[in-house]
Amino acid sequence: MADATVQSPATPLGIAPDMARPAVQVVPVQGIPIVAVVIALLIVAIAGNWLWALNFFHVVGGGLWTGIDLFVGFIIGPILGRMSIQARMEFSARFMPKMVLLMPTLVTMTLASGWQLARHLSFLTVAYPQHWWLVASFIVVGIMAVVAIGILEPANLAVLFELRKPHPNGELIGRLMRRFIYSAGITGLMQVATLVIMTRIATW
Amino acid sequence: MVSGEAARRNTAANLDRRLPPIAELAVASMIFVISGGIYLAAYLPESAPLGTAIGLLIAGVVLLLANVVALSRLHDFAWDTFFLVGRWTLLAYAVIAGMLEFVFVVDQTRGSLLVVMTLMLVVFAVDIPLLLAFSVARYQPVRRPVGE
């Protein structure tokens with residue numbers, strides 16, 4: 001049976017002012033213990049020089065980071081761009097808080113374990129011109145960090161705080177979401193470069 | 001209580017408000033310290049000449065300080081939201097920076113190289129909370145003391 005919904009008159013920006021919206025929790029508190037366990041295990045793996053664990057953290061973290069970036073940048077992003085602001089708000093209220101915890105954890109996991117792995121497997125000691133591949137990976141990660149931390153994350157947080165207001169501004173949310181989608185696309189492209197570089201390094 | 005229309009007008013006013021380029025300066029400062037980190041890493045396993053890295057670090061610190069000054073001159077700003085977001089993101093990025101510092105120490109990084117890398121991490125760990133807190137607070141309503 002189809003659910004019947006009563007729509008209030010929408011504002012010029014497409015937001016029904018009195019429509020029930022999901023409560024927005026900026027940081028999902030229930031996820032923090034999981035993050036703490038992951039970080040603790042990562043520290044143990046680094047301190048104990050556990051090659052298998054470092055490999056596990058790098059492959060799992062890197063795979064998820066790359067996959068999520070590509071999926072959000074090229075699949076979710078364009079879909080979201082075509083949705084109404086009301087629908088984007090509904091989606092964002094549920095999606096963005098998860099990204100606030102997930103992405104920094106995956107990035108920390110991947111980079112810290114990757115660096116240690118490169119040291120243990122002597123990738124850091126290879127001479128130029130092969131060393132350029134490593135430098136290229138540092139540059140790509142640097143660009144991704146600037147885009148993610150400088151553009152994507154501020155937009156993400158600002159949207160979440162706007163959604164907590166009793167009367168969110170649809171124009172602001174639309175503007176910030178556009179920024180989020182474009183920057184997710186750029187990090188997606190950078191992830192393609194990462195895939196090329198990492199598969200090249202792995203087959204030296 | 002603030003009406004819905006008043007709240008919308010408030011956000012719309014924040015949207016049009018011209019503020020100093022604090023977010024842009026924070027990103028520029030971040031670019032300097034990240035570039036410094038990439039420069040140092042590119043020389044491994046040899047030690048990089050520290051002059052360029054120190055220059056990039058100084059540029060990052062100068063922009064960070066300029067940002068703090070610009071922020072301190074802001075009036076009618078949602079400082080409660082700024083400090084709320086800033087506090088928690090500072091905690092999160094202190095954990096991330098601490099993790100990276102731990103990796104440097106485990107990898108036997110010592111001396112002036114460790115000092116430069118640590119200072120870069122400090123700039124990074126302060127820059128990001130400042131950027132995130134400002135990016136959120138700029139769109140939030142300003143709470144004025146009762147009677148104003």
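Me: What is the order of elements in chain A, from the N terminus on?
Reply: In this predicted model, the order is α-α-α-α-α. The count is 5 helices and 0 strands.

Me: What makes a residue of chain A count as buried, and what percentage do?
Reply: A buried residue has 20 or more other C-beta atoms within 10 Å of its own.

Me: Why is H5(B) called largely enclosed?
Reply: Take its 27 residues and apply the burial test. Of these, 19 are buried, so the rest of the structure largely encloses H5(B).

Me: How do you know that the span of helix H5 of chain B agrees with its number of residues?
Reply: Helix H5 covers residues 111-137 of chain B. At 1.5 Å a residue, its 27 residues should span 39 Å. The end C-alpha atoms lie 39 Å apart, so the two values agree.

Me: How many residues does each chain give to the contact?
Reply: Chain A gives 33 residues and chain B gives 31. On the side of chain A that touches chain B, H4(A) supplies the largest share, 14 residues. By class, that side has 21 nonpolar, 7 polar and 5 charged residues.

Me: What makes Val159(A) stand out in the largest nonpolar core?
Reply: That core has 82 residues. Val159(A) is among those that touch the most other members, a list including Ala158(A), Met120(B) and Phe124(B).

Me: Which residues does Val159(A) touch, leaving out those up to four places away in sequence?
Reply: Val159(A) touches Ser92(A), Met96(A), Ile173(A), Leu176(A) and Met177(A).

Terms used: Residues numbered from 1 in each chain as written. Chains lettered and ligands numbered in written order. Predicted model: local features only at pLDDT ≥ 70, side-chain atom pairs only at ≥ 80, totals over all residues. Helix = DSSP H or I, 4+ residues; strand = E, 2+ residues; numbered from the N terminus. Expected span 1.5 Å × (residues − 1). Buried ≥ 20, exposed ≤ 12 C-beta atoms within 10 Å, placed from the backbone. Contact = placed C-beta atoms within 7 Å. Nonpolar A, V, L, I, M, F, W, Y, C, P; charged D, E, K, R; others polar. Core = buried A, V, L, I, M, F, W, Y, C linked by C-beta atoms within 7 Å.
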